[in-house]
Amino acid sequence: MATRRTTWLALTSGIALLATAGCSSSFGGDGETEQKTGGKQELTVLIGTSGDAETAAVKAAATAYEEASGNTVDVQVAQDLNQQLGQAFAGNNPPDVFYVETHQFANYASGGSLHAYGDRISDVEDFSASLRQSFTYEDQLVCVPKDTSSLGLIVNDDLWAAAGLTEDDHPRTWEDLERVAGELTTGSVTGLVTSNEYQRLGAFMKQAGGWITDPAQGEMTADSPENLQALTFVQGMLKDGTWKFHQDVDAGWAGEAFGKGDAAMTIEGSWLAGAMENDFPDIDYTVLPLPEGPAGAGTLAFTNCWGVAEKSAHRDAAVELVEFLTQPEQQIAMGDAFGAVPSRESAAADYLDAHPGIDAWGATGDHVQGPVTVGGFDRVLSQFNTDLESLRTADPAKILADLQSYGEAALGAGN
């Protein structure tokens, strides 16, 4: 009991501190930054990358921009993106352009760290409404999404065939998934391996008709029968040993377990394509929609935006760089390089036409759930992910009750 109370106090204290930080201006440091105009400008870009393929693609796009503009771009790869950004903001020395994750967006926007440039991007309505909403703060589009991906069920074709399964066995329901995972689990191979994060398991909450908050993200809906049904289903497969988390098979992430043949199936987004091409090119796989649950289809969509620092001395050039990076031809080139589905709807349509068989990664519609983007909520979700690590033996009802309580505290701190 004492341990639980300590965790609760630490969490609520962190929420309060983050809420306070969010009200400050640019994480310390007031006043307008003098802007550099004209001549050759030197821009710094900080990214968090999925691997060598993404890094190379961003650097190639930056080189193309240099040739077109005469400016120079230094692309830096973060070891811990959010930590390094936080330190840069605090020191009033941020990169000019950088990846912004959805769960951190509201924190940065409310703190005044982001330069709002959405209205300066050409044909901005070509970005889907749901993606634009993820990066809208106080009714203003602050930054534009760099790409997108929904989750798919990824099947190892050789292991599938070796188990005597055919296309007719592709799982369309939870019951189908449970059955084929059992048939694929043999020896050192586990039927399904994923991460323990809500960013994967949350898809089953959506399929059961639940989610963490209401659509307006103003009310917690975590402690619900639908969410309990979802986590109980996952727990059942974990207990059966037909579903494992990547750390349980000594893999750094689920894609590694899949590529090494320790997992016959996994649940990942389009970023898996680049990793497979670079690290496991001999593995043949199929991308399927996630199976439907009691409430029907459901998947999760992910994106980052290109942030521009309010404290940058090169804001105009930085916005020009973002404009260049988000043109359809550049987005398609990045998709070709590491599997990212373009965030512009026109480019996404062309990209998916040219890459048949990956429609699940480009899913759109009401069954596609975006992440929670409430300021300060990242701490709540981090605790949720920690709790999900022990889902196989834990009480799902307690996990959801704690999520409900922590989330209500976070929403209250943010209002």
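**Pockets, helices and rings**

Me: Which element gives the largest share of the lining of the second largest pocket?
Reply: That's H8, with three residues. Helices (H or I, at least four residues) and strands (E, at least two) are DSSP runs, numbered from the N terminus. Keep in mind that this is a predicted model, where local features need pLDDT of at least 70, side-chain atom pairs count only at pLDDT 80 or more, and totals for chains, interfaces and linings use all residues. Residues are numbered from 1 along each chain as its sequence is written, and side-chain values use heavy atoms, with hydrogens and water left out.

Me: How much space lies in the second largest pocket?
Reply: About 1100 Å³. A pocket here is an open set of points on a 1 Å grid over the protein atoms alone, where a 1.4 Å probe fits, with protein on both sides within 12 Å along at least five of seven lines; lining residues have an atom within 4 Å of a point. The volume is the space filled by probe spheres set on the points, which are joined across faces, edges and corners.

Me: Switching to helices: how do H7 and H9 pack?
Reply: H7 (residues 174-184) and H9 (residues 225-240) pack at about 10°, with their axes 11 Å apart. Axes are lines fitted to C-alpha atoms over the stretch in contact, and angles run from 0 to 180 degrees between N-to-C directions. That makes H7 roughly parallel to H9 (angles under 35 degrees).

Me: Which residues make the contact?
Reply: Trp174, Leu177, Glu178 and Ala181 of H7, with Gln229, Ala230, Phe233, Met237 and Asp240 of H9. Contact means heavy atoms within 4.5 Å.

Me: What is the count of aromatic pairs?
Reply: It comes to 13, taking rings of Phe, Tyr and Trp (its six-membered ring) with centres within 6.5 Å. Tyrosine 198 and tryptophan 211 have ring centres 6.2 Å apart and planes at 40°, so that pair is tilted (neither stacked, under 30 degrees, nor edge-to-face, over 60).

How values were computed. Parallel < 35°, antiparallel > 145°, perpendicular 65-115°, else oblique.
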